[in-house]
Amino acid sequence: MATRRRIVEATSTNPYENLALENLLLQQVGEDEIILYLWQNAHTVVIGRNQNAWQECDVAQLEADGGRLARRLSGGGAVYHDLGNLNYTFIARKAHYDVVAQTQIIICALAALGIGAEASGRNDLHVDGRKISGNAYYSHQGRCYHHGTLLYDVDTAQMARYLNVAPDKLRSKGVASVKSRVQNLREISPSLTIPDLKNALTQAFAAGGEVEGLALDGIDERAWQAETAKMADWQWRLGQRFAFDRSLGHRFDWGRVDLALAVEGGVVRQAAVYSDALVPDFIDALAPSMEGVRYDRGALVAAIAGLSIEEDWQPLRDDLQAWLGSVAL
């Protein structure tokens, strides 16, 4: 158990500043501590690291309405943030990183407010079968974070306006629309406030040991500005689009994968892989493995089979190989 627990609250509602601060806290987390970071974004769609922004979000409409499109470091799917949404991030070194225990802190905080939530599926929290929180995960050089949302009083009409949720994803959840899949905590507890939520999370976090505040004036301002610029950069957020002439896609239990391939002379000259899977490093490795490979099932399967991967990713690679080995090209 980490001997030092620190909590920090963002004062900005700018998604680029808040995601940048999250990245800096990850870089700076100590050997024997865990940080709980609480933050809110105004009028924002945040997509996972491996997602196609244009496919997941009505970018033009969002920007016309004064909203922002942001991309995070973690995998997973697209989410809509407004000030009816409270975001939380647990940050720790690998030795003290425990997703189950961290999730239990959220569940205990909600229980203290009279709300019975439970973990569901690969990364959600539900109340009575409807989603009130989604989570995603990231690790780098022995440092890890687990972040998520709490839907307090989100404008679900705006959520549906900007998010393009694939029909097969909704079918897999047994619902007809993104609005019917989620619910706000204020529907369950009308008197609930954001300060109530923050206080409950702080108390649940403190159950594991004394909590210290982390002042923002201790953050390196120049480093924060530089990281904010990276998160706001068009190339990072929206990426370079290229002309592709082959597209393949499939939804697995662990997420959807879409391949965009530019094929010339029977060879894959350029590839992009988009996914809401929670393993961004694995997805990142797929596109380079296919470039320069013959465009046929055997060659593509062999290219993926040749990847050097972590043991935990083997079942995902097996699924991809089985799918590519059977799909019509």
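Two strands are said to pair if DSSP finds at least two bridges between them. Strands here are DSSP runs of E of at least two residues, and helices are runs of H or I of at least four, numbered from the N terminus.

Good morning. The structure before you is a predicted model, in which local features need pLDDT of at least 70 and side-chain atom pairs count only at pLDDT 80 or more, while totals for chains, interfaces and linings use all residues. Residues are numbered from 1 along each chain as its sequence is written, and side-chain values use heavy atoms, leaving out hydrogens and water.

I begin with the sheet. Eight strands form an open sheet with mixed pairing, in the order β7-β8-β9-β10-β6-β2-β1-β11. Because β7 (118-120) and β11 (211-213) each have a single partner strand, one side of each is left without a neighbour in the sheet. Within the sheet, β2 (residues 33-39) and β6 (residues 85-93) run antiparallel and are joined by six bridges; leucine 38 stands opposite tyrosine 88 in β6.

Helix α1 packs on this sheet, touching β1 (4-9), β2, β6, β9 (130-140) and β10, where contact means heavy atoms within 4.5 Å. Which residues make up α1, and how far does the helix reach? Helix α1 spans residues 15-28 and reaches 20 Å from its first C-alpha to its last. Of its 14 residues, 11 are buried, that is, under 20% relative accessible area with a 1.4 Å probe, protein chains only. Among them are Tyr16, Leu19 and Glu22.

Glu22 is also one of the residues touched by histidine 147, as are Trp39 and Tyr88. Histidine 147 lies in strand β10 (residues 143-151). Is histidine 147 buried or exposed? Histidine 147 is buried, with a relative accessible area of 5%.

I turn now to the hairpin. Strands β13 (residues 255-264) and β14 (residues 267-275) pair in the antiparallel sense over eight bridges. Two residues lie between β13 and β14, and glycine 265 in the turn has a positive phi of about 60°. Alanine 262 has glutamine 270 in β14 as its bridge partner.

Finally, the interior. A nonpolar core is a set of buried Ala, Val, Leu, Ile, Met, Phe, Trp, Tyr and Cys residues joined through side-chain atoms within 4.5 Å. The largest such core has 30 residues, and those with the most contacts inside it include Leu259, Val273 and Trp323. Both β13 and β14 are among the elements that give two or more residues to this core. A second, separate core of 29 residues includes Val127, Leu185, Ile194 and Ala200.

Note on methods. Buried < 20%, exposed > 50% of the residue type's maximum accessible area, 1.4 Å probe, protein only. Expected span 1.5 Å × (residues − 1). Axes fitted to C-alpha atoms, helices over the stretch in contact; angles between N-to-C directions. Lists of a residue's contacts leave out its neighbours within four places in sequence.
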